[in-house]
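Please open the model in your viewer and keep the sequence panel beside it, so that each selection can be followed in both.

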Amino acid sequence: MVAELKNRLKNLRLSGILDSLDLRILEAQQNNHSYTEFLGMILSDEFERRQNKKLTNLIKNAGLNNEKTLENYDFTFNPSINPITIKELATCKFIEHGTNVFLIGPTGTGKTHLAKAIAHNACRKFFTVLFFNYFQLFNQMLNSDLNNKLNTFIKKISQTDLVVIDDFAFKKLNHQSSEYLYAIVDSRYQRKSMIFTSNKSISDWPNIFPDPLMANAIMDRIAHNTYQIIIKGESYRKKFTPIDQKS
């Protein structure tokens, strides 16, 4: 009977129940569980498996990994970062309101780690996420345009709950790239959230655009209703730089 049940579970692709069935039957026998309790346990196993699979896919599709999370971020390294503020952002309530986040500071001060950690928490709450490096984003946009898939790519970005652009404003954009960015920003304006990390001050961002009108249009949209977190201090990497010893 159990073998037949396992075969049906396999055909129905209920691997969460299948994997734990023997253990749950043994537990039910030893603890005199009712039919309702037994059913509840095996359904919980299946639900947990599906949730874990969904989370794994969200993290993978986002372009993230499990290395940069809030749990392994060292808040003691940089006192300019307020842990309460970061942990509040990690609740992802800002995503529910379509608010943007700016993480501004020198290279190596933890901006990318924080952005990835917040994005990781968003995946845990089953929001859809896309993480892009500044260059990576525009290369993908260009390739999509060349392959007549630009509209599909922009639609995908416009429907994603959270989009992260790392190292924003690293270098100047040409007119075509500015139009790509405007299409993304405009499609998400006041609906979906974005996180921008940058080692340039916000006042310098308009200088990356070739057209002041385009700069104003984009900056007006991304700066509206935004959390701005300014990070100060030296690079975390210097912590591991050997100090020359004089004999």
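Predicted model: local features only at pLDDT ≥ 70, side-chain atom pairs only at ≥ 80, totals over all residues.

Leaving aside its neighbours within four places in sequence, which residues is Ser193 in contact with? Apart from neighbours within four places in sequence, Ser193 is in contact with Phe94, Ile95, Gly98, Thr99, Asn100, Asp161, Leu162, Val163 and Arg188. Ser193 counts as buried because its relative accessibility is 0%, the cut-off for buried being under 20%.

Now move to helix 7, selecting residues 134–146. With 13 residues at 1.5 Å a residue, helix 7 should span 18 Å, and its end C-alpha atoms are 19 Å apart, which agrees. Colour Tyr134, Leu137, Phe138, Met141 and Ser144, the buried residues of helix 7. If you then look down the axis of helix 7, these buried residues fall within an arc of 120°, so they line one face of the helix. To see what they pack against, show strand 2 (129–133), helix 8 (150–159), strand 3 (162–166) and helix 9 (175–188).

At the N-terminal end, select Asn133, which caps the helix through a side-chain oxygen that lies 2.9 Å from the backbone nitrogen of Phe135. Just after helix 7, select Asn148, where the backbone takes a positive phi of about 55°.

Methods: Residues numbered from 1 in each chain as written. Heavy atoms only, no water. Helix = DSSP H or I, 4+ residues; strand = E, 2+ residues; numbered from the N terminus. Expected span 1.5 Å × (residues − 1). Buried < 20%, exposed > 50% of the residue type's maximum accessible area, 1.4 Å probe, protein only. Arc of directions from axis to C-beta. Contact = heavy atoms within 4.5 Å. Polar contact = N/O pair within 3.5 Å; in protein donor to acceptor, adjacent residues only side chain to side chain.
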